[in-house]
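Thank you all for coming; I would like to take a few minutes to walk through one structure with you. Please keep the sequence and the picture in view while I talk.

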Amino acid sequence: MLILLPLREGNRCLKTRGGHEVQSWTRAAKQSLWQKVIQLGMSFLIAVFQCCRRLYNCLVLLLKWWKSRWISGSYLQRKFIKNLSVSPEVDLLGYCTREWKGDTKQAKHIQEAYEDLFWRYHIKYLRQVRRDNYCVLRAVLFQIFSQGIPFPSWMKEKDILKLPEKLLYSQGCNWIQQYSFGPERYTGPNAFGKLRKCMEALKTNWSEISSIKDHEERGNICNTLFSDESKEHKLYEAIKFIMLYEVVEAYEQMKNREKHIPNLFSLLLARDSSSDPLSFMMNHLNAIGDSGRLEQVEMFLLGYLLEVKIRVYRLHKFNTEEFQVSYPDEYQREWHEISLLTEDDCYYHIPFTRT
């Protein structure tokens with residue numbers, strides 16, 4: 001018995017010491033495992049944070065880029081609309097309400113005219129045309145281009161690029177060097193070259209646009225063209241020069257009594273201020289686009305040379321026989337028709353219906 005007791009105590013001591021060692025190892029292992037878990041978790045959180053930060057920076061850069069593009073696009077769009085010389089369509093009666101407020105006699109008269117257009121003629125919309133001294137030329141050409149109306153028959157037979165050369169050399173009209181280009185007011189030896197560039201611009205744009213069959217595409221190209229002032233002015237100066245060419249041709253035929261001349265040339269040349277082509281150019285054509293506009297007799301000439309029937313609603317002449325007029329009054333059945341409306345015979349807008 002005396003011998004067994006120490007052995008039992010020794011075994012108990014060994015067991016106790018071994019248990020403490022196991023517990024210590026287990027505790028150390030658990031602590032090490034938790035440290036690794038915590039380290040991995042921290043590493044994961046740091047990685048997630050860095051990814052979120054990078055994503056945030058990317059989103060900030062993307063937002064800045066999108067904002068700059070949006071501002072730039074918005075600016076360009078505003079600039080485009082601002083430069084557009086034929087504004088987008090607006091409601092006819094809405095336009096009348098904004099522009100003709102009040103109870104004056106003139107305001108009521110114009111309001112009644114707009115209401116008549118809306119209900120009797122079924123004109124629901126209009127496009128405003130820039131109010132300058134090219135206004136009527138702009139309104140007419142814009143419709144010819146946007147409707148895809150082709151060249152007049154006589155322009156298909158003659159090369160309009162050679163018209164300046166023909167007047168200068170074949171018919172001896174060296175005075176065309178005094179031709180003035182609207183607000184540019186240029187005259188001089190380079191007038192011939194400038195006229196040729198104008199004729200090229202008219203022929204190129206007209207032929208390209210009239211060949212486009214899709215109405216929407218043609219409209220977009222017209223909007224682009226009629227937002228570029230320098231290109232526009234070349235078109236108008238080309239039309240002015242063609243008017244001069246037609247007057248020269250008619251004047252020569254009247255002198256030589258070659259053939260019947262349309263009555264509009266007699267009316268035009270009967271004016272004291274345009275008794276011959278030179279005075280017509282100096283006193284009328286040169287001012288168009290600068291300080292003067294087309295007069296009604298010149299509207300007849302414009303419709304004649306373009307071979308279009310220009311129907312004009314003259315709102316200030318409402319309830320009279322002159323409310324609706326056509327230029328020219330003698331026209332061919334196959335000619336296309338375009339419409340204008342004016343409140344004062346000075347500036348014109350484009351009326352139209354849309355289904």
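Let me begin with the lining of the largest cavity, which is made by Asp132, Asn133, Tyr134, Cys135, Val136, Arg293, Leu294, Asp345, Cys346 and Tyr348. Please bear in mind throughout that this is a predicted model, and that the cavity I am describing has a volume of about 40 Å³. If we sort the lining by class, we find six nonpolar residues, one polar residue and three charged residues.

Now let me step back to the chain itself. The chain has 355 residues, of which 41% are buried, and its secondary structure consists of 12 helices and six strands. If we take the contacts between residues at least 6 apart in sequence, 73% of them join residues that are at least 24 apart. The chain exposes about 21500 Å², and 54% of that area is supplied by carbon and sulfur atoms.

In what order do the six strands lie in the open sheet? The order is 1-2-6-5-3-4, and the pairing is mixed. Strand 1, residues 90-91, and strand 4, residues 324-327, stand at the edges with a single partner strand each, and therefore one side of each has no neighbour in the sheet.

Let us look at strand 6, residues 348-352, which pairs with strand 5, residues 336-342, in the antiparallel sense over two bridges. Across this pairing, leucine 341 stands opposite histidine 349 of strand 6. The hairpin of these two strands has five residues between them, and there aspartate 345 takes a positive phi near 65°; you will remember that Asp345 is also one of the residues lining the largest cavity. Strand 6 also pairs with strand 2, residues 125-127, again in the antiparallel sense, and here there are three bridges. In this pairing, tyrosine 125 has phenylalanine 352 of strand 6 as its bridge partner. Why do we call strand 6 largely enclosed by the rest of the structure? We do so because four of its five residues are buried.

Strand 3, residues 308-314, gives us another case to consider, because seven of its seven residues are buried and the strand is thus largely enclosed by the rest of the structure.

Finally, I would like to turn to the helices and a loop between two of them. Glutamine 253 is found in helix 9, residues 229-256. Is glutamine 253 buried or exposed? Its relative accessible area is 16%, and because buried means under 20%, glutamine 253 counts as buried. If we leave aside its neighbours within four places in sequence, glutamine 253 is in contact with Glu258, Lys259 and Ile261.

Histidine 260 sits in the loop between helix 9 and helix 10, the latter being residues 263-269. With a relative accessibility of 70%, histidine 260 counts as exposed. From C-alpha to C-alpha, histidine 260 and alanine 250 are 9.5 Å apart in space, and they are 10 residues apart in sequence.

Leucine 267 lies in helix 10, and with a relative accessible area of 46% it is partly exposed. In sequence, leucine 267 and glutamate 298 are 31 residues apart, whereas in space their C-alpha atoms are 9.6 Å apart.

That is where I will stop, and I am happy to go back over any of these regions with you.

Key:
Residues are numbered from 1 along each chain as its sequence is written. This is a predicted model: local features need pLDDT of at least 70, side-chain atom pairs count only at pLDDT 80 or more; totals for chains, interfaces and linings use all residues. Side-chain values use heavy atoms; hydrogens and water are left out. Buried means under 20% relative accessible area, exposed over 50%, partly exposed in between (1.4 Å probe, protein chains only). Contact means heavy atoms within 4.5 Å. Accessible areas come from the Shrake-Rupley method with a 1.4 Å probe; for residues, only the protein chains shown count as cover. On a 1 Å grid over the protein atoms alone, a cavity is a set of points where a 1.4 Å probe fits but cannot get out, and a pocket is an open set with protein on both sides within 12 Å along at least five of seven lines; lining residues have an atom within 4 Å of a point. Grid points are joined across faces, edges and corners, and a volume is the space filled by probe spheres set on the points. Ala, Val, Leu, Ile, Met, Phe, Trp, Tyr, Cys and Pro count as nonpolar, Asp, Glu, Lys and Arg as charged, and the others, Gly among them, as polar. Two strands pair if DSSP finds at least two bridges between them.
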